[in-house]
Amino acid sequence: MKVLQPVFGAALLSIAACAPADVGGGDPMPPETGAPDGDDAMACPVIDSRDWAAWVNAMPGPDAKLTLHVAGEIDLPTPGYDISWQAGMADRSMTPVQRLILNLTPPDGMVAQVITTETVKYEGPALVENYGGVIVMCGGAPLAEITDVTVAR
């Protein structure tokens, strides 16, 4: 006589795999959005932003290089975020719109749960002297659009 021992974990796993995605008659699952982990709120933790400005430094002189500057203020849910910038795509028009990606990494460990305002600044090479605008991206979505990019000569 052969004795079979039940394997509960495998049985539950196979039942869960057969369950329909729409249990309860609600709306079908939304299509993939492409956001990290499918959660836009976690992708960009910025609560609010303001006072954005952009300008190109085109001052003459030895070793002078066109430099794009962008600055603004962001409100984050906790202090201690690591903030970095990445130059993104620019369109190919005569006065291009430059995309800049704001990367925010949350702090490790326990931190105070208090809204914290940070001043963020970008400085990098400018592709042209005159820009049509700058779009600050965060978590795959636009955070700010600056349409008035001044030139300092």
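Ile83 has Leu104 in E4 as its bridge partner. The model is predicted; local features need pLDDT of at least 70, side-chain atom pairs count only at pLDDT 80 or more, and totals for chains, interfaces and linings use all residues. Residues are numbered from 1 along each chain as its sequence is written, and side-chain values use heavy atoms, with hydrogens and water left out. Helices (H or I, at least four residues) and strands (E, at least two) are DSSP runs, numbered from the N terminus.

E3 and E4 run antiparallel and are joined by seven bridges. Two strands count as paired if DSSP finds at least two bridges between them. Strands of a sheet pair through backbone hydrogen bonds, either parallel or antiparallel. Four strands make up an open sheet, ordered E3-E4-E6-E7, with mixed pairing. Strand E3 (82-90) and E7 stand at the edges; each has a single partner strand, so one side of each lacks a neighbour in the sheet. On average, neighbouring strands of this sheet are turned by 25° against each other, direction ignored. Axes here are lines fitted to C-alpha atoms, for helices over the stretch in contact, and angles run from 0 to 180 degrees between N-to-C directions.

The largest nonpolar core holds 24 residues. Such a core is a set of buried Ala, Val, Leu, Ile, Met, Phe, Trp, Tyr and Cys residues joined through side-chain atoms within 4.5 Å. Trp52, Leu68, Val70, Ile74, Trp85, Leu104 and Val134 touch the most other members. Two or more residues come from each of strand E1 (48-57), strand E2 (67-76), strand E4 (97-105), E5, strand E6 (133-138) and strand E7 (141-146). E2 gives the most, with four residues. Beyond its neighbours within four places in sequence, Val134 contacts (heavy atoms within 4.5 Å) Ala54, Leu68, Val70, Val97, Gln98, Leu100, Ala144, Glu145, Ile146 and Val149.

Thr116 lies in strand E5 (residues 116-125). Thr116 counts as buried because its relative accessibility is 15%. Buried means under 20% relative accessible area, exposed over 50%, partly exposed in between (1.4 Å probe, protein chains only). The Thr116 side chain reaches the backbone oxygen of Val114 at 3.1 Å. Not counting residues up to four places away in sequence, Thr116 touches Ile74, Asp75, Leu76, Thr78 and Pro79.

Thr150 belongs to strand E8 (residues 149-152). At 41% relative accessibility, Thr150 counts as partly exposed. With residues up to four places away in sequence not counted, Thr150 touches Ala54, Trp55 and Val56. Thr150 and Gly133 are 17 residues apart in sequence; their C-alpha atoms are 9.7 Å apart.

Methods: A polar contact is a pair of N or O atoms within 3.5 Å; within protein, one must be able to donate a hydrogen and the other to accept it, and residues adjacent in sequence count only if both atoms are side-chain atoms.
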